[in-house]
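Subject: Structure handover

Hello,

Here is the structure for you to take over.

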Amino acid sequence: MAPVLRTGPPPLPAGHVRRRALEDVLDRGADRDLTVLSAPPGSGKTSLLAAWVGDDHGRATAWVCLEPEDRDPRHLWRAVLGELAALSAVPPSSRLHRLVVSRSTVAPEFLAELTAAIAALPSPVRLVLDDVHHLADPISRQGLAMLLRDTGDRLRLVLAGRRDPPLPLPRLRMDERVTELRAEQLAFTPAESAALLAACGPDLTPAQVAVLHERTGGWVAGLRLAALSLRDHPDPDAFLAGFSGDERPVADYLVDEVLAGLTEAQQEVLRRISVAPRVPAGLAPRLAGRDDTAEVLDDLAHTTGLVAGSGARGDPYRLPELLRSHLVADLGRRGPALVAALERAAAAWWAEQGAPVEALRHAGRAGDPTLLADLVGRWGPWLAGRGEHEALAATVGSAPTVDARLAVAAAHVHLARGDHEHARAALARARRDRRPGPDAAAFRAATERILGRPLRVTLREPVPSEPALAAHVRIGRGAAALRADDPSRARTELGMGLALAHRHGLDVLAHRGRCLLAAALWTAGDVPRAAAAAERALAEPGASGPGSAPWSAVARAVAAHAALLGADPGAARATVDASGDTGVGAAGDDGGDRSPDPTVAFAFRCARAGATVDLGERTAGLLALQAARAALGGTAVPGALAATAALLEHRAAVELGHPTAAGAVTAWLAGRHPASPALALLRGWGAAAAGDFAAARTAIAVLLVPPAPATPGALDVEAWLLEARIRLARADRPGARAAARRAVDLAAPRDALRPFVHADGGVRALLVDELATGEPRAGFVARALAAGATSPAGIALSGREHDVLARLPSLESFDEIAGDLDVSINTIKTHVRALYGKLGVTTRRDAVLVAHEQGLLG
């Protein structure tokens, strides 16, 4: 019988996307004995090979596209012989022209003659067999092996099919004789998906392309089918929202092309495991109900490419997403009870493995509130603390039932979305559960306290043993103590809760705890540690999300007030402005509480107003402080914050000469916190401003007796600076100097510079003498004198004047300075007179003070 001729590579489809990276892989393997493309139908194997072969004009290529009838070896070898003999690289004298396939059978002698004829060709040729999965006859398989083994370097064999060809691939890999491309490599990249969709016609946005790429997993056939459906669709977003493997064109293709070659047993295994996006080897038999499930899936993975992964824990089995969604829909048509049973089985298995995220996802799809509540009761604190709110979101739909476990989980989902109104509503539902169990009750109380509800901690509330729940409870107690004006207890509870949260990877809870700890440290007067805690909290990755905004706002308020105390009003203002001046981020689109927390908002407004005062806009700053108090109304705020606000406002009023305004804020603080130690300082300032230094001394006496109360406003520092002023008024310079030194020694460890910016001029002049005492006091005094310095642009000094000025704070005489600079004493005196004139002073001490204030000395 004459050879059967078949045409070469098929034409490329419309909108074909060239895949240069994969063609390069094929090029690099072109001189190997075998190239294999093994992947499910619709993966683009044929198009890739056709484009590659079409570009390679230097090599003779015979292309045979196999059909089902090629299971008969006579059909196969007639086609192969015909295509080879038609190549121009085969000379007329070649035995290939004289070989004939028998009508009855393909004898081994024919295969031997065929391979010998190919081996005798003068130049190499390439044979492409497409759809090689149609080969099943032993003689055909034997012939492939002989072609690979006996043709030497005259034949390069390229095989493409839906499963691996019947050849010893492991040995060929070891000998580096084979190049392989499989389903994972053939999947389109996002850029290739975008190019294909653009070429096929539908006008899609980048976001829509991204959705379609994700849904198809880069499967070429799925992309093409979706593009055809989208071409005339009036609403692409609606189409994409419902696009799955159950879409009619996709489903038909999957049934006719992908699943048709599988046995019913194989299809049933795939159908049952489809409820899980990833299936470890231990879960597979639970779902499929047969002990050999892993063997079935391994076989499908190795022979068809329909299954990815090995089933091991780190490499679970996975189905292409469109195929999986088709199988899930097909499973659902057999009855929802079957799907629910499989979902429950998956949830139970993942729970046994200690994987709550996967367990909850399956439990949510199973629609079993009891199972869901049990899992949430066990894992809810851990998931909420880690920020696994998407897993908890499955509980939101079940939360209206009065079950504290589900309701508190729903509250944490709402908190993660920044929706405090719905979070409070969920917690109210949780309170209606009259028998919540001790762990559920503890989790609810902790959540409410963290959210700001003032629940008193009783002696009957033990700390749970479960670490994640214990972390929530500790941080909740710390939040309650902070709100109750008990910073010492707040620091203890928050510190213990933070340690637990860090140890167990509860990053979201740790962020909340750290922000609250910053506030507790600030309230307790430990401003440096408070600023460090706030800085660390704001540097954490999740500090800017809607769920973290209320707590990050607390940290920003602490940072702003710390900057203010450190005499950096610019940083304080920038911190407030970066927060939107509210302290709370906007809630989610589903309608949350968009009102700022009044305490945090008040803290922000006071910090900004204080910065305005320190930046030279005193009247505007005072008005802003008064407005902040008015906006606060009757809302209670912690005593430390009220005292800080009063100190800022009172000082601005006194400096502007408004005793009535100063008296009003003193009365405001006394009405809210009559035991506040800040009242002593306010009364002392007021008396000093009126010239009654005896009354001022009596007022602040309580603040001068150690140990003075630690406060964020550095009351003790302020009191000793006022004491220094009082001593100066009494002409007691030694006593004034001692008081000023005491203020410096108290302020230096806390970096409290602002009190010195606003200190009396005579007291600041006293501090000049401390510059010569050496470190560490001199270094802090230099910074204190320079704090709040104005621009030196208006004062121009020569280089030599700068040299002389730099030596004035020392104890050196003018003769010693002249010797150091190698000039005469008269030259030094000339420079000193010039300096005094430019600075507007008459003494060495005043020159140093003004130089610091003008920023001429650091």
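Strand 3 and strand 4 are paired in the parallel sense, over six bridges. Strands (E, at least two residues) and helices (H or I, at least four) are DSSP runs, numbered from the N terminus. Two strands count as paired if DSSP finds at least two bridges between them. The bridge partner of Arg126 in strand 4 is Arg156.

Some ground rules. This is a predicted model, in which local features need pLDDT of at least 70 and side-chain atom pairs count only at pLDDT 80 or more, while totals for chains, interfaces and linings use all residues. Residues are numbered from 1 along each chain as its sequence is written, and side-chain values use heavy atoms, with hydrogens and water left out.

Strand 2 pairs with strand 3 (residues 125-130) in the parallel sense, over six bridges. There, Thr61 has Arg126 of strand 3 as its bridge partner. Strand 1 and strand 4 also run parallel, joined by five bridges. Thr35 stands opposite Val158 of strand 4.

Is strand 4 enclosed or open to the outside? Seven of its seven residues are buried, so strand 4 is largely enclosed by the rest of the structure. Buried means under 20% relative accessible area, exposed means over 50%, and partly exposed is in between (1.4 Å probe, protein chains only). Leu155, Leu157, Leu159 and Gly161 point one way from strand 4, and Arg156, Val158 and Ala160 point the other way; all are buried.

Leu181 lies in strand 5. Leu181 is buried, at 1% relative accessibility. Neighbours within four places in sequence aside, Leu181 is in contact (heavy atoms within 4.5 Å) with Leu22, Val25, Leu26, Val36, Leu37, Ser38, Leu48 and Leu186. Its C-alpha atom is 9.0 Å from that of Lys45, 136 residues apart along the chain.

**Pocket and cavities**

Both are found on a 1 Å grid over the protein atoms alone: a cavity is a set of points where a 1.4 Å probe fits but cannot get out, a pocket is an open set with protein on both sides within 12 Å along at least five of seven lines, and lining residues have an atom within 4 Å of a point. A volume is the space filled by probe spheres set on the points, which are joined across faces, edges and corners.

The second largest pocket holds about 560 Å³ of space. Its lining has 26 residues, with Thr216, Gly217, Leu319, Pro320 and Glu321 nearest the centre. Helix 16 gives the most to that lining, with four residues.

There are four cavities of 30 Å³ or more. The largest cavity has about 180 Å³ of space. It is lined by 14 residues, and Leu565, Thr644, Leu648, Gly713 and Arg754 are the closest to its centre. Helix 28 (549-565), helix 32 (639-655) and helix 38 (754-757) each give two or more residues to this lining. Helix 32 gives the most, with four.

**Two positive phi values**

Most residues other than glycine have a negative phi. Glu176 has phi near 55°, a positive value in a residue other than glycine. Glu176 is in the loop between helix 6 (169-174) and strand 5, and is exposed, with a relative accessible area of 58%. Asp751 also is not a glycine and has a positive phi, of about 55°. Asp751 sits in the loop between helix 37 (733-747) and helix 38, and is partly exposed at 32% relative accessibility.

Best wishes
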